[in-house]
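Please consider the sequence and structure shown below. A short briefing accompanies them, arranged by topic.

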Amino acid sequence: MGLLSILIFLPLVFGMFILLMPKALNHYFKYLTVGVSLVQLLIASWLYFNFKTGDGFTGVNQLAQYQWVEKLDWIRLDVGSFGTLQIDYLLGVDGFSIGLVWLSALVMLIASLSSWEIKSNLKGYFALFLLLDTAIIGVFCSLDLFLFYIFYELMLLPLYFLIGMWGGVRREYAAIKFFLYTLFGSIFMLLVIAGLYLSVTDPETGNHTFNLVHAMNPANYSAGSIFSALDNIQILGFSARAIGFIIVFIAFAIKVPVFPFHTWLPDAHVEAPTPISIILAGILLKVGGYGIIRIAYGIFPDIAISLSWWMGLLGVISIIYGAMNALAQTDLKRLIAYSSVSHMGFVLLGIASLTSEGINGAMMQMISHGFLSVMLFFIVGVIYNRVHDRDIYNFRGLANQMPVFTGFVMIAFFASLGLPGFSAFIAEAFSLIGAFSSQSLNGLLPRWMAVVAAIGILLGAGYFLWTLQRMFFGTLRLKKEEWKAQLVDLNFREKLVLFPLAALALVLGIMPSLVFNVMSSSINQFILLFK
Amino acid sequence: MESIFTPYMLFNFALIAITAPFLAFIFSLIFKRFAAVIGIASIGLSFISSLILFIGVWKKPVLHFSFDWIQLANFKINLGFLLNDLTVIMLLLISFIALLVHIYSVEYMRKDDLKYRYFAYLSLFCFAMLGVVLADNLFLVYIFWELVGFASYLLIGFWFKKEKAVLANKKAFIMNRIGDVGFLIGLMILLTQFHTLDIDVLFGQGNLIASSFVKNDIWATPFGLMPAYWLSIAGFCFFAGAIAKSAQFPLHTWLPDAMEGPTAVSSLIHAATMVAAGVFLLLRIAPLFNQLVLTSMAAIGLFTAFMAASIAVTQTDIKKVLAFSTISQLGFMILAVGVQDNAAAIFHLVTHAFFKCLLFLAAGMVIHQLHHLKEKYQENFDDQSLEVMGGLRKLMPITFIVFVAASIALAGLPFTSGYLSKDAILVSVFEWADERGGIYWVFPLLVSITSWLTTFYIFRVVFKAFFGEFRLPQILGKTAEELKITDPNRWMTIPVIILALFCFALFFAYNPFNLESSWIYGSWNNHPHHTGMYPILVPIYINVLSFALIFMAYQAYAKNTFAFNNQASWYYKLSLNQWYFNSFYDVFLIKILMLKTKAFYWFDQKIIDGFIHLLSNIIIIISKITSWFDHYIIDGLVNGSAWLVSRLGIWLRGMHSGKLQHYFIWMLLIFLSFFIYKLII
């Protein structure tokens, strides 16, 4: 059993363990969960630092160059004239996934630390939480589309209950909206996966296969199959590959979320309890970005090039649209939810540029936004747990009352608005540089897109600083008198969460090579797909 | 001349100069009690290193140190230092003034509980500012550029309980961000065209900019082609960055508001150093600008200089006057860059840094002492208003002397540093206009008027604050003995006296009337030496009227022999209301932006989410219809047929009554039916 399997199934085992434990041990569940997440983070860190880079370890479309590969024959079914149904248990990581695996482990640890606020039905909560953990890591590690899809759908189930049962006032609406939105995307994706299965054959066994890596190589498509790149099969007058790309793209665009598929996000984020908001923003959105790179772009590169302009446009619209909406909010959590839309727009823009800088920037933005959004949602949670209110106008001058907290808020806000020295700056700058140089390098995106997207940075400063001024500065004024006693400064556990996140944002801002070095050879290999 | 310092030593001194303030920032936050000591020690160290660097680099070949930082497929970005004349003069200027301001701040912030934060932020600022100057590539410049803005944000909002202060720092940061977006776009253009952002490679000897050319509306570089207008756009983008940082029209409105910060901060950041960073940037990348950009630069600089000077004439808040004066003087520098007299721009930058810093510090001394009175008597008056001052020359003689020294330098009277540097700009503008003729004569005309306005507004302050009677006792209804104020202690007076010395021409030129003898000006030989009559005539013509204006101001504000009665005129109101820029921005930009955000949110809620809800409602309605169909039609059919069968059964059951007569009748009926049927067929 390889490390990746341990990483994936460790939480599941302990989740079952929690289910079997008596209710009397309620108090220990959270410590157990933190422990599991910590072990997971240690394993992930070990993987990250032992990850080999260079030309021999690019991954992407070279199965042999993935690391920590585990391959087991899972399902072999003789289906007569179709040959053998081949589904593998195939795990492996490359430069695109290793960073996200590490990020997931980190975010899960933070989320488990912020699960202190959960007071009811602890057994169910932590069991579902650990199930979710398994699914998330599984998504980033699987290289078999069938396996990927199972983990992908497995994320939905615990999330639905976690939002719907432990969420805020409108939790049921938010949960069902989230569930249906994502399901809508993924069921069509299942059709594409089936189509890919019928088109792709394993060069070794000759069977049809769900292997993700084989699907990236045009030579593995059998002649005349539906997604064959050479034959250009038409469905209702449209190219089958184009339809496949668009369906997969929409499925992941919903997750990212890209305008106009984003409206589940503000509701889900606002209604979810803090740890779930953290997971949603920290990892779930990255599954979308990861899927777009790995599956939509990786399997359909020819279509991706021809639709790059539209991808870039959606990215730019998301950036500006999210920022404008964030400016209009009075609910702090909703503001941050919309800021996520804006920040994730940079990911799409960077990917669409198909330049090394743009994709590096996009990956950096995913990781950077991963822990910065975690920090932001945690900050909202700090206030919400104390007074159960999030309206910006109900608070003023919090800096007088909670100086340490305000310090962390300033770090989080300035890091998020892209102050140099923090990771988001590097990420956004490189996404923009990639988008701008795209026209000169490969002619895909017009230069005005980068110019317009740069305005998003300005708007970002607008909503964050405005919030800072309204909520934290000035003389102390709260909606209710009794809040003054409730709004105490951070406790040790909260500092324990916020400090490493702030430090991480700073470290990656000053030494972005820590991330770039791990990714760059995979990204260069990835770009070759489009040559 | 061979330097006594090896490049390696100089590199280390540069490293010390920049890291010392950064370490001070961190240690000030940890060892709160020693924050002031740490701050002064670190900036002192920076100053000494800067001095050594100055000796080692000035008028010697450029030194460039560069280390790998980020390496990607198409280009890499390095970290490094670029040490040339411009760098070292700025280093020396910044560290020296910062050192004096640090010392001054000890007394100025003595009573503040959070003064460790103040010193920490100040150190952060010094770190960032020195970084802007030392950085060897534009990406790094951008990083420090934004950090400077961040430090300025922290310091403007230092008194975060003051509503005005936190509004001002937000405004400052966001307006600077507008410029930063321009800067960033400029970076993207250069990076795409040249695959490097290294300043030395781009703009140094045998630079890449020079190897690019515009032909047939295509801007060609060794790495790529772009339509020619991108060259102008690049220039305008960087210029936008400078406009924001150096508070030029139309992004100047943040600077007067930034006066909400502590006065020592205003003097260091918003007068001497940070605002000069815009000018510095333009000087660093000067070869990039084409004629279109340069002319626009000159026009913007000129307009800003004039507008700000015209506003300064009527302001009653002493810091506001100085703030607008700063904007106006920065306009002069931008104008100098626009007319391509870079030597005059850097020279004025340096001289201005001294006298404007001094003006702020001296004003700060007055404000500081008045503030003490305010706290002592728990009175409510505006301690920055010129209306409460007056007659301070007897009460605060040192303050008076240094303020006057700085004022005459600002006015550009003979024997002062301002005389040399401002007239250098004026002369260049005259010559520039002379070459072009026609409409360009507006430039010398307006710049002369601005120059006179400058003299007038600063002497208005001098006479209102230091001459006549001390007006505060009258306002508070107290006697002059009760409200005794004096010069503050040595922590404040010594720095200002040192600064006052630098207001005189002797430090900058051995001949106070000859610009060419100035060591700063002379070292930039990229501009042809002035010839003809302008260098002689312009100073005379400017100064003669200046003296007349000083006399007029003396009569009006010190002697009160006459008063200006134009308060109702449109131009007075225009000036008093700062040309209505703030109201304009509030109404036309902020309000409209807010409406737009509301519209976006409405769109999100009603249209996009509305569409989703519509979709879900349609599905629900369809499902209801299906359910109805299922219940009434499908199930109806099933149930109906069952019912039919059962009814039929019940009816048929009725036949089996067991009575013989009934059976007989049924038989008869069936027989008859059969018979009739046969008959018909």
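The structure is a predicted model. In it, 43 residues of chain A are in contact with 36 residues of chain B. Chain B is assigned two domains, domain 1 (156-560) and domain 2 (584-656).

**Contact between chain A and chain B**

- Six helices of chain A each supply at least two residues of the side that touches chain B: helix 11 (308-327), helix 13 (356-387), helix 14 (398-401), helix 16 (423-441), helix 17 (447-472) and helix 20 (513-528).
- The most is given by helix 17 of chain A, with 11 residues.
- By residue class, the side of chain A that touches chain B comprises 26 nonpolar, 16 polar and 1 charged.

**Domains of chain B**

- A distance of 68 Å separates the C-alpha centres of domain 1 and domain 2 of chain B.

**Packing of helix 11 and helix 15 of chain B**

- Helix 11 (residues 263-272) of chain B packs with helix 15 (residues 342-377) of chain B at an angle of about 160 degrees, and their axes are 8 Å apart.
- Because angles over 145 degrees count as roughly antiparallel, helix 11 and helix 15 of chain B are described as roughly antiparallel to each other.
- The crossing of helix 11 and helix 15 of chain B is right-handed.
- On the side of helix 11 of chain B, the contact is made by B:Thr263, B:Ala264, B:Ser266, B:Ser267, B:Leu268, B:Ala271 and B:Ala272.
- Helix 15 of chain B contributes B:Ala353, B:Lys356, B:Cys357, B:Phe360, B:Leu361, B:Ala363, B:Gly364 and B:Ile367 to this contact.
- The residues of the contact between helix 11 and helix 15 of chain B divide into 10 nonpolar, 4 polar and 1 charged.

**The sheet of chain B and the helix across it**

- An open sheet in chain B is formed by 3 strands in the order 3-4-5, with antiparallel pairing.
- Strand 3 (213-215) and strand 5 (225-227) of chain B each have a single partner strand and stand at the edges, so one side of each lacks a neighbour in the sheet.
- From one strand to the next, the twist averages 30 degrees.
- Strand 3 of chain B is joined to strand 4 (residues 218-220) of chain B by 3 bridges, and the two run antiparallel.
- Opposite B:Val214 stands B:Trp219, in strand 4 of chain B.
- Helix 9 (residues 229-245) of chain B lies across strand 3, strand 4 and strand 5 of chain B, and runs at about 85 degrees to strand 5 of chain B.

Methods:
Residues numbered from 1 in each chain as written. Chains lettered and ligands numbered in written order. Predicted model: local features only at pLDDT ≥ 70, side-chain atom pairs only at ≥ 80, totals over all residues. Contact = placed C-beta atoms within 7 Å. Helix = DSSP H or I, 4+ residues; strand = E, 2+ residues; numbered from the N terminus. Nonpolar A, V, L, I, M, F, W, Y, C, P; charged D, E, K, R; others polar. Domains from an automatic or database assignment. Axes fitted to C-alpha atoms, helices over the stretch in contact; angles between N-to-C directions. Parallel < 35°, antiparallel > 145°, perpendicular 65-115°, else oblique. Left-handed = near helix turned anticlockwise from the far one by under 90°. Pairing = 2+ DSSP bridges.
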